[in-house]
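Here is a short briefing to read alongside the model. Let's start with one residue and its surroundings, then step back to the whole protein.

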Amino acid sequence: MRELEVPIPHAAQTMLAREEQLKSSANLIHFMLDEYRSVTEIGIPEIRPLFERHLVELEALLRPGLSMVTWSSMSSGTYLQSMFAALEKMRDIQAKVKDLYENRVQRNLRAISRVCLIQLPNSVVTTENFVSEQEHIIRERSSEIDHRCLEIESAVIDIIELVESCRIDPSLDEMSAVPSVDKNAGNDMLDKVWVLVYQVLSSL
């Protein structure tokens, strides 16, 4: 348009002057959306229901970007800052939950799966001695299994309390679209973990 000496509309001049800023904002938006997709893909089925409120909060924070924030909006920087802060908080919560689940739930499940309730003798023994020895071994190792089951239950309770105490944006409480904490989600998670425990015990 300049070469043709055609007057450049004011809006086009504004876009040209902000070219680098717009490109940078576009890259940040693409990166933010990639992060959003990443944090909302919760890989552990037993845990996902606990994050329902957090996922709704993230969606509520994302929604203004679909309509209110445009290339000419002066609030796009503030919007992206709030989104990145929310995504970072979500990642932090997920990292803590994953650490608890892997190191206190899955580790104890693996330990239980390695427990052997029968130990064959190294030499010939009478039936009575064999039965007596096995009963002793079973009592001893059952105690270990009980202890690890209690550790698993304690870990699940800690995970539930951690997720319920962490918020993405407490100011969203006033929005009807954001659900309150689902008390059944914690019980459902505990039930699913006990199913895993039962499956491990059934394989012993």
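Leaving out neighbours within four places in sequence, T40 is in contact (heavy atoms within 4.5 Å) with R48, L55 and L58. T40 sits in the loop between α2 (19–39) and α3 (52–62), and it counts as buried because its relative accessibility is 17%, where buried means under 20% relative accessible area with a 1.4 Å probe and protein chains only. This is a predicted model, in which local features need pLDDT of at least 70, side-chain atom pairs count only at pLDDT 80 or more, and totals for chains, interfaces and linings use all residues. Residues are numbered from 1 along each chain as its sequence is written, and side-chain values use heavy atoms, leaving out hydrogens and water.

**Overall fold**
- The protein has seven helices and zero strands; these are DSSP runs, with helices (H or I) of at least four residues and strands (E) of at least two, numbered from the N terminus.
- Of contacts between residues at least 6 apart in sequence, 79% join residues at least 24 apart.

**Burial and surface**
- Buried residues account for 33% of the 204 residues.
- The accessible surface (Shrake-Rupley, 1.4 Å probe) is about 13,200 Å², and 55% of it belongs to carbon and sulfur atoms.

- Not counting residues up to four places away in sequence, M189 touches E46, I47, L50, Y101, V156, I159 and I160.

Key
Buried < 20%, exposed > 50% of the residue type's maximum accessible area, 1.4 Å probe, protein only.
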